[in-house]
Amino acid sequence: MPIRVLSDELASRIAAGEVIERPASVVKELVENSLDAESTRVDVLIVEGGAKSITVIDNGQGIPAEQLPIAFERFATSKIDESSDLISIGTLGFRGEALPSIGSVARVEAISKCCGQEIGVRYVVDCGIAGIVEPAAVPQGTRIQVSGLFTNVPARLKFLGSANRELSRIHKILASFALIYPDVAFTLSADGRERFRTEGSGNLIDAVSGIYGAKIAEQMLQVELDDTAMFSVDGLVSSPSLTRSNRTYMTLAVNGRGIQSRRLTYAIEQAYHGFLPARRFPLVIARIRTPLDDVDANVHPAKAEVRFLREDLVYSVVQRAIRGVISVSSPVHRLG
């Protein structure tokens, strides 16, 4: 075939494949937007594992009527500008691809109202086809409903798991947000049934209780933040008497951004070395703080990984902080 420029429609569907892998990806992108909008409450409603519909409702700042259609244009964002160096990123979503990517592979209804506006607006994008902006009587905040995900991309649709499997992935992502942001109230409902609720009290113990239950919350140990240090970590870690058979219960965040990191996970496991039996793992919520210009958040299409300028220092800070808490507070004898 000759080399040619792809159509905007096909290019958008390819870009969507990088950002939107499954229903959980949609939830992640929309909730990040809600948090960046300074929401204190985020409700997520799922039908049939998200394949039929995903609704995210927040009480954040909202999107102005004249800007709502622009939000669905590729590379449109309010979170960076021409002066940004793409390194010192303080927001969760910044690529400007989430809404247009979702809108290219689903029907998206966005309803929003800004603080100070008398009435909100409604806007629909149906598999890349834009509608018109209409007035809507709604409370402050944003409500986005995504229906029929991947109906125009059957090859992607058939690779989705069962409704329960997709819901499990959504549950895990939203639970991570709830643990990283205990000051925000989260609810997850699926097929009319509430799956979990956090109160947004600001107390991390309360968030753990909402996600894992009160019994587990009682066995967590506090890692205190060092406000005087440029690199520090706070959160909760389980006592050595509370373990799991896999690493699923480790929640990591850097400057508020949930991440995956084998090296950080290894650093945490080394902090527990000598305290846990073989092939047992702790429950951990580790919220790491670094200078923004020490972290490159622009290294992964789904923003799941970051690159540290001084990674050895970060790993050392995390390991020492957790090891110190376990050593002082552990209610069991260290293993030989």
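This is a predicted model: local features need pLDDT of at least 70, side-chain atom pairs count only at pLDDT 80 or more; totals for chains, interfaces and linings use all residues.
Most residues other than glycine have a negative phi. Arginine 279, however, has a positive phi of about 60° although it is not a glycine. Is arginine 279 buried or exposed? Its relative accessibility is 70%, and therefore it counts as exposed.

Two packed helices are described by the angle between their axes and the distance between the axes. For helix H8, residues 262–271, and helix H9, residues 311–329, the angle is about 30° and the axes are 8 Å apart, and because angles under 35 degrees count as roughly parallel, H8 is roughly parallel to H9. The crossing of H8 past H9 is right-handed. On the H8 side the residues in contact are Arg263, Leu264, Ala267, Ile268, Gln270 and Ala271, and on the H9 side they meet Glu311, Asp312, Val314, Tyr315, Val318, Gln319, Ile322, Arg323 and Ile326. Sorted by class, this contact of H8 with H9 has nine nonpolar, two polar and four charged residues.

I turn now to the other helix pair. The axes of helix H2 (residues 23–36) and helix H5 (residues 163–180) come within 8 Å and cross at roughly 25°, which means that H2 is roughly parallel to H5. Here, too, the crossing is right-handed. From H2, the residues Pro23, Ala24, Val27, Lys28, Val31, Glu32 and Leu35 meet Glu166, Arg169, Ile170, Ile173, Leu174 and Phe177 of H5, and by class this contact has nine nonpolar, no polar and four charged residues.

Which residues touch the most other members of the largest nonpolar core? That core has 58 residues, and the ones in question are Val31, Val44, Ile46, Phe72, Val146 and Phe186. The largest share of this core, eight residues, comes from H5. Taking one of those residues, and leaving aside residues up to four places away in sequence, phenylalanine 186 touches Val31, Leu35, Val42, Leu174, Phe177, Ala178, Tyr181, Phe196, Arg197 and Thr198. Apart from this core lies another, of 30 residues, among them Val254, Tyr272, Tyr315 and Val318.

Finally, a second residue with a positive phi. Glutamate 48 is found in the loop between strand E1 (41–47) and strand E2 (53–58), and its phi is near 55°, a positive value in a residue other than glycine. At 45% relative accessibility, glutamate 48 counts as partly exposed. Asparagine 164 has its place in helix H5, and with a relative accessible area of 62% it is exposed.

How values were computed
Residues are numbered from 1 along each chain as its sequence is written. Side-chain values use heavy atoms; hydrogens and water are left out. Axes are lines fitted to C-alpha atoms, for helices over the stretch in contact, and angles run from 0 to 180 degrees between N-to-C directions. Helices (H or I, at least four residues) and strands (E, at least two) are DSSP runs, numbered from the N terminus. Angles under 35 degrees count as roughly parallel, over 145 as roughly antiparallel, 65 to 115 as roughly perpendicular and the rest as oblique. A crossing is left-handed if the near helix is turned anticlockwise from the far one by less than a right angle, and right-handed if clockwise. Contact means heavy atoms within 4.5 Å. Ala, Val, Leu, Ile, Met, Phe, Trp, Tyr, Cys and Pro count as nonpolar, Asp, Glu, Lys and Arg as charged, and the others, Gly among them, as polar. A nonpolar core is a set of buried Ala, Val, Leu, Ile, Met, Phe, Trp, Tyr and Cys residues joined through side-chain atoms within 4.5 Å. Buried means under 20% relative accessible area, exposed over 50%, partly exposed in between (1.4 Å probe, protein chains only).
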